[in-house]
Amino acid sequence: MTVTIALFTRDLRVRDNPVLTAAHRAGAAVVPLFVLDDAILSGRFAAPNRARFLAAALAELDDELRAVGGALVLRRGDVAAEVDRLVAQVRAESVHVAADVSGYSRRRERALRELLSRRGCLLHTHPATVTVADPATLLPATGRDHFAVFGPYFRRWSDAPRREPLGRPRRLTVPPVAGLPLPDAAELCAGPTSPRLAVGGETTGRKIVRDWLSGPVEHYARDNDDLAADATSRLSPYLHFGCVSPVELAHRVDMATEGGHAFARQLAWRDFHHQLLAARPSAAWSDYRPRSIRWRDDQQAVDAWREGHTGHPVVDAGMRQLRAEGWMHNRARLITASFLTKSLRIDWRVGAQHFLRWLVDGDLANNQLNWQWVAGTGTDTRPNRVLNPLRQAQRYDPDGAYVRRWIPELAHLPGARVHRPWREQVDPADYPAPIIDVAGM
């Protein structure tokens, strides 16, 4: 009996999963495998919020696999070594895995290919699984290996053909293989988690997609920057873990509508950053466009920013939302990042690391390259752009509802007055004075 292995990584779903579909078609039996990677769980990218989400996503993936006769096989350790061990055990002829772009995923692929080649086992990588477009195929006419500006990329992305979404396998045959029990989040990564963290996997994610596309997406272009409206999809954690398919989303959204076009544009930004990181893996921690910026070393200011105690309400509201939900509104991400890098002149890497600690959607490509865009070291065509927090608050939280939601000590201040508590005789013991001045105070 021909046996294949479907190695799940950031594609924790059974629907529209090229990895699972190809493994199923290639073998009479398939082993659906996930390896709890000690290099990630104990490394610099360890995050209790993502561990909690991962545990729930694996449980839902196992449920989805059991619905078609399968079950998730769980192992823990070095991914390449665990896959190699399983290949020998079940005499697998091929292993299927999603193509990815980070330096770590590429090293993992090389290690897998080397070990499996010794056993005569083929490794197949599948593009357009983690992203809508294959980063290697959507290239500029100049001959460069990536687009450096989003506008031309989006035009190509919008017009490019893409694969059709795949259904889930009707029935799986899984050989008898021992695996670990489904993990508890605390087993994966110790530490405090956000009390309002989103949970779930494919089942939950698909319900969110249905609800989002049934109506709210129509207002996305108008309301997506409104901090208090909560008018975004909140699908980013489900996209990060692959619980929902970006290809299926791109197919289902109606780009002919204003809201659908704006939402598809965000999917394209995600692909754009993946292509950039694929071409420049060093951009994860090094300046994409070095500008010789003299960053300040001010731990007191960094601590105030992290804790949401800068004295600038819209900044503090965003940082408190991050701690409470493991997520932050995109406009708030821009405001808080600009405040750290442009107003406080703190190195973007400090902020990016803090975001990765708390964000359940903490994606290396999107997090790091968005930080670089704001800091002026990335792809922004206006690298000196500064987002004044007071003007941003007046524009995107005009009634102060977002600030009052996350800063209860200012909830008594009505309307836009909440954005200038220093004018309202607020006791600094209740809410701090601003750590720096900005225009318009």
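1. Contact is used here for heavy atoms within 4.5 Å. By that criterion, and not counting residues up to four places away in sequence, N388 touches V438 and A439. N388 itself lies in the loop between α17 (364-375) and α18 (389-396), where helices (H or I, at least four residues) and strands (E, at least two) are DSSP runs numbered from the N terminus. With a relative accessible area of 12%, N388 is buried; buried means under 20% relative accessible area, exposed over 50%, and partly exposed in between, with a 1.4 Å probe and protein chains only.

2. On the basis of the note: this is a predicted model, in which local features need pLDDT of at least 70 and side-chain atom pairs count only at pLDDT 80 or more, while totals for chains, interfaces and linings use all residues. Residues are numbered from 1 along each chain as its sequence is written, and side-chain values use heavy atoms, with hydrogens and water left out.

3. As to the overall fold, the protein has 19 helices and 5 strands, and its C-alpha trace spans about 75 × 50 × 45 Å along the principal axes. The radius of gyration, taken over C-alpha atoms, is judged against a globule rule of 2.2 Å times the number of residues to the power 0.38. For 441 residues a compact globule would have a value near 22 Å, and the 23 Å of the protein agrees with this. Of the contacts with a separation of 6 or more, 79% are accounted for by residues 24 or more positions apart.

4. The interior can be described through nonpolar cores, a core being a set of buried Ala, Val, Leu, Ile, Met, Phe, Trp, Tyr and Cys residues joined through side-chain atoms within 4.5 Å. The largest has 110 residues, and those with the most contacts inside it are L12, F34, W157 and F263. Helix α12 (residues 258-279) provides the largest share of this core, 10 residues. A second, separate core of 22 residues includes V73, V95, L116 and C121. In soluble globular proteins, nonpolar side chains tend to be buried together.

5. Two residues illustrate the packing. Leaving aside neighbours within four places in sequence, F34 is in contact with F8, T9, L12, L54, L58, L72, V73, L74 and R75. V83, in helix α4 (residues 79-90), is buried at a relative accessible area of 0% and, not counting residues up to four places away, touches L7, L33, V35, V95, L112 and L116. Apart from neighbours within four places in sequence, E64 is in contact with V14, R15, R168, E202 and T203. A56 also lies in helix α3, but is partly exposed, with a relative accessible area of 22%. Beyond its neighbours within four places, A56 is in contact with V199 and G200, and its C-alpha atom is 10.0 Å from that of A198, 142 residues apart in sequence.

6. R265 lies in helix α12 and counts as partly exposed at 33% relative accessibility. Not counting residues up to four places away, R265 touches F150 and F154; its C-alpha atom is separated by 9.7 Å from that of A250, 15 residues apart along the chain.

7. Backbone geometry deserves a check at two residues other than glycine. D16, in the loop between β1 (3-8) and α1 (18-26), has a positive phi near 45° and counts as buried at 0% relative accessibility. Q425, in the segment after α19 (401-406), has a positive phi of about 55°, and this residue is exposed, with a relative accessible area of 72%.
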